[in-house]
Amino acid sequence: MLPTGAEFKWKFRINFFETTLFFCHFYWGSKDKSFVTYDKNIDLKYCLHIISRIPNELLLRCQSADDDLGNHTLSTGEEFKWNFHPNFFGTTLFFCHFYWGSKDKSVVTYDNNIDWKYCHETSNYYNCYWEARPDGFYASGDQKSWKLLNKWT
């Protein structure tokens, strides 16, 4: 039973056959209603955001085992983002190599552990935010609370 104003959230992976289906059934007094909350046509996607808070230019290259997203140059406040679907096995991994002046650092920007801790649902996406700052790399799911996960050194 959910109290007024409460919400119920859950995360899941799409099955190998892509036939995953969720539906909810609501009861309120003598009324009841069912509807589909997930099927392949209402697919939730992930969006990974890399935001530069670095003075001058930040160079980066992000990739997974399947996708090389190429080289990108960001000025302070600029963002590079991409959408993807985690695989059925929960082994999707993205990493980015960052270059700032004489510094460089490779950072895992998405894996199953980061998903559960730092990716949050908004609209039709699970958003995972990263900020590159002079002292290191911060992750957030809501762009309000940030956690330093990696330092440049």
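Phe-17 is found in the segment before β1 (22-28); strands are DSSP runs (E, at least two residues), as helices are runs of H or I of at least four residues, and both are numbered from the N terminus. The model is predicted, and local features need pLDDT of at least 70, side-chain atom pairs count only at pLDDT 80 or more, and totals for chains, interfaces and linings use all residues. Residues are numbered from 1 along each chain as its sequence is written, and side-chain values use heavy atoms, with hydrogens and water left out.

Phe-17 counts as exposed because its relative accessibility is 67%; the term exposed applies over 50% relative accessible area, buried under 20%, and partly exposed in between, with a 1.4 Å probe and protein chains only. Phe-17 and Asn-83 are 66 residues apart in sequence, and their C-alpha atoms lie 21 Å apart in space.

Asn-83 belongs to strand β6 (residues 79-84), along which the side chains alternate.

Ser-52 lies in strand β3 (residues 45-52). With a relative accessible area of 0%, Ser-52 is buried. Residues up to four places away in sequence aside, Ser-52 touches Leu-58, Leu-74, Ser-75, Thr-76, Gly-77, Glu-78 and Ala-132; contact means heavy atoms within 4.5 Å.

## Cysteines

A search of the whole structure finds one disulfide, defined as a pair of cysteine sulfur atoms within 2.5 Å. The disulfide is formed by Cys-62 and Cys-96, with their sulfur atoms 2.0 Å apart. The pair links distant parts of the chain, Cys-62 in strand β4 (residues 58-63) and Cys-96 in strand β7 (residues 94-100), 34 residues apart. The link of Cys-62 and Cys-96 is right-handed, with 110° about the S-S bond. Both Cys-62 and Cys-96 are buried.

Cys-47 counts as buried because its relative accessibility is 6%. The closest cysteine sulfur to that of Cys-47 is in Cys-128, at 8.3 Å, which is too far for a bond.
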